[in-house]
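Look at the sequence and the model below. The questions after it go from a few side chains to the whole chain.

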Amino acid sequence: MRLLFSFFIICSILINNIHSTFAADLDAGEQIFSANCSACHANGNNAIMPNKTLKNEDLLKYDMKSITAITNQVKNGKNAMPAFGGRLSDDDIDNVANYVLSQSENGW
């Protein structure tokens, strides 16, 4: 019985993680990025801090190559970047984070 319960818990965790990964809408993320982020981050660059781009190598270098890290930065802001937690919904932030990560992996 214990083994069966453990199996259901593990399956539930895996299904929830897979669902959140596929639930992102990259088209919506692109629209949100264009409307809110592209003034400073056009083509994955950074107009304010040029050494901290949204490109794959910089996301890796600064430990930002995850949905969690990008979502946290978008919600709370950091340094010169304003917080968007009060302006964008959680779904919008999730979509834009997935879009940024996808673009970084594809070379912008």
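Q: Are F33 and Y99 buried or exposed?
A: This is a predicted model, in which local features need pLDDT of at least 70, side-chain atom pairs count only at pLDDT 80 or more, and totals for chains, interfaces and linings use all residues. Residues are numbered from 1 along each chain as its sequence is written, and side-chain values use heavy atoms, with hydrogens and water left out. Buried means under 20% relative accessible area, exposed over 50%, and partly exposed in between (1.4 Å probe, protein chains only). By that rule, F33 and Y99 are both buried.

Q: What kind of aromatic pair do F33 and Y99 form?
A: Rings of Phe, Tyr and Trp (its six-membered ring) pair if their centres lie within 6.5 Å; planes under 30 degrees apart count as stacked, over 60 as edge-to-face and the rest as tilted. The count by this rule comes to three aromatic pairs. For F33 and Y99 the ring centres are 5.5 Å apart and the planes stand at 50°, so the pair is tilted.

Q: How many residues apart in sequence are the parts that the pair of F33 and Y99 ties together?
A: Helices (H or I, at least four residues) and strands (E, at least two) are DSSP runs, numbered from the N terminus. F33 lies in helix α2, and Y99 lies in helix α6 (residues 90-105). The pair therefore ties together parts whose separation in sequence is 66 residues.

Q: Which residues do ring pairs link into a cluster with F33?
A: F33 and W108 form a tilted pair, with 5.4 Å centre to centre and 40° between the planes. W108 lies in the segment after α6 and F33 in helix α2, so this pair ties together parts 75 residues apart in sequence. At 22% relative accessibility, W108 counts as partly exposed. The cluster linked by ring pairs holds F33 together with Y99 and W108.

Q: Which residues does UniProt list for "binding site", and why do they gather at one spot?
A: UniProt positions are given in the numbering used here, feature names are shortened, and annotations may be inferred rather than shown by experiment. The record, an unreviewed entry, lists C37, C40, H41 and M81. They span 45 residues in sequence, yet no two of their C-alpha atoms are more than 10.6 Å apart, so they gather at one spot.

Q: Which residues does H41 touch, not counting residues up to four places away in sequence?
A: H41 is found in helix α3. Its relative accessible area is 13%, so H41 is buried. Contact means heavy atoms within 4.5 Å. With residues up to four places away in sequence not counted, H41 touches F33, N46 and L54.

Q: Where does C37 lie, and which residues is C37 in contact with beyond its neighbours within four places in sequence?
A: C37 lies in the loop between α2 (26-36) and α3 (38-41). C37 counts as buried because its relative accessibility is 14%. Leaving aside neighbours within four places in sequence, C37 is in contact with I32 and V96.

Q: How many helices and strands does the chain have?
A: From the N terminus on, the elements run α-α-α-α-α-α. Of the 108 residues of the chain, 30% count as buried. The secondary structure comes to six helices and zero strands.
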